[in-house]
Amino acid sequence: TPVSMSEQQIMDCTLGNCSFGHLYYAFNMANTTGVTTTASYSYLGYDILMCRRSGGPIKISNFVPVANTSCSNFITALTINPIPVLVAVDSSWISYESGIKSSCATSTPSFYLLLVGVNSVAWTLKNSWGIFWGESGFIRLAPGNTCSMCQSPTYQPVI
């Protein structure tokens with residue numbers, strides 16, 4: 001059963017914030033001290049600039065780079081674990097409620113989401129904005145509309 005790691009703890013206890021996260025620091029924290037669950041360190045949706053609880057029971061053993069030469073590398077990596085991806089988002093994402101998003105208004109990757117699934121119908125990504133956004137915290141993108149995520153390098157956690 002997948003466990004939801006605390007996005008708020010990662011923002012509060014690394015150099016990240018709601019405007020921009022630092023993926024390397026988040027993975028380093030998960031590798032060294034561990035991360036707790038969302039249930040134990042709830043998501044607030046804003047920066048509190050204070051680490052309320054460091055460490056946690058969820059640890060990754062390593063993180064490895066995923067080449068950004070094509071979407072097929074992301075699909076291959078996804079067979080091992082979900083992977084964080086840098087996606088081009090714009091203001092239309094705020095009002096997303098459901099369905100398959102078929103266009104992106106920008107091509108500049110600016111926001112990390114977690115790629116959790118891909119099939120012939122859609123790419124499924126988990127957002128950190130909570131369960132009341134989108135499809136219970138998830139968004140689906142049309143296969144030809146990856147919002148520039150395949151052009152950005154990323155790291156994959158090894159659990």
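Modeller: Here you go, and keep in mind that this is a predicted model. Let's begin with F132, which sits in the loop between β5 and β6 (138–141).

Biologist: Why is F132 called exposed?

Modeller: Exposed means over 50% relative accessible area. F132 comes out at 80%, so it counts as exposed.

Biologist: What is the distance between F132 and E97 in space, and what is it in sequence?

Modeller: Their C-alpha atoms are 8.9 Å apart, while 35 residues separate the two in sequence.

Biologist: How do you know whether C147 is buried or exposed?

Modeller: The cut-off for buried is under 20% relative accessible area. C147 has 4%, so it counts as buried.

Biologist: What about T146, buried or exposed?

Modeller: T146 is in the loop between β6 and β7 too. Its relative accessible area is 10%, and buried means under 20%, so T146 is buried.

Biologist: Which residues does T146 touch, leaving out those up to four places away in sequence?

Modeller: T146 touches C71, V87, W123 and L141.

Biologist: W123 belongs to β5. How do you know that β4 and β5 pair?

Modeller: Two strands pair if there are at least two bridges between them. β4 and strand β5 (residues 123–126) have four bridges, so they pass, and the sense is antiparallel. Within that pair, V118 stands opposite W123.

Biologist: What joins β4 to β5?

Modeller: A hairpin does, running through four residues.

Biologist: Let's zoom out. How many helices and strands are there in the protein?

Modeller: Three helices and seven strands. Along the sequence, the pattern reads α-α-β-α-β-β-β-β-β-β.

Biologist: Why is the protein called as compact as a globular protein of its length?

Modeller: The radius of gyration is 15 Å, and the globule rule gives 15 Å for 159 residues; the two values are close, so the protein is as compact as a globular protein of that length. Along its principal axes, the C-alpha trace spans about 40 × 30 × 30 Å.

Biologist: How much of the protein counts as buried?

Modeller: Of the 159 residues, 38% count as buried. As for the surface, the protein exposes about 8,300 Å², and carbon and sulfur atoms supply 58% of that.

Biologist: Which share of the contacts joins residues at least 24 apart?

Modeller: Take the contacts between residues at least 6 apart in sequence: 65% of those join residues at least 24 apart.

Biologist: And where do the charges lie on average, positive versus negative?

Modeller: There are 6 positive and 6 negative charges, and their mean positions are 10 Å apart.

Definitions and conventions:
Residues are numbered from 1 along each chain as its sequence is written. This is a predicted model: local features need pLDDT of at least 70, side-chain atom pairs count only at pLDDT 80 or more; totals for chains, interfaces and linings use all residues. Side-chain values use heavy atoms; hydrogens and water are left out. Helices (H or I, at least four residues) and strands (E, at least two) are DSSP runs, numbered from the N terminus. The radius of gyration is taken over C-alpha atoms; the globule rule is 2.2 Å times the number of residues to the power 0.38. Buried means under 20% relative accessible area, exposed over 50%, partly exposed in between (1.4 Å probe, protein chains only). Contact means heavy atoms within 4.5 Å. Accessible areas come from the Shrake-Rupley method with a 1.4 Å probe; for residues, only the protein chains shown count as cover. Lys and Arg count as positive and Asp and Glu as negative; His and the chain ends are not counted. The place of a charge is taken as NZ of Lys, CZ of Arg, CG of Asp or CD of Glu.
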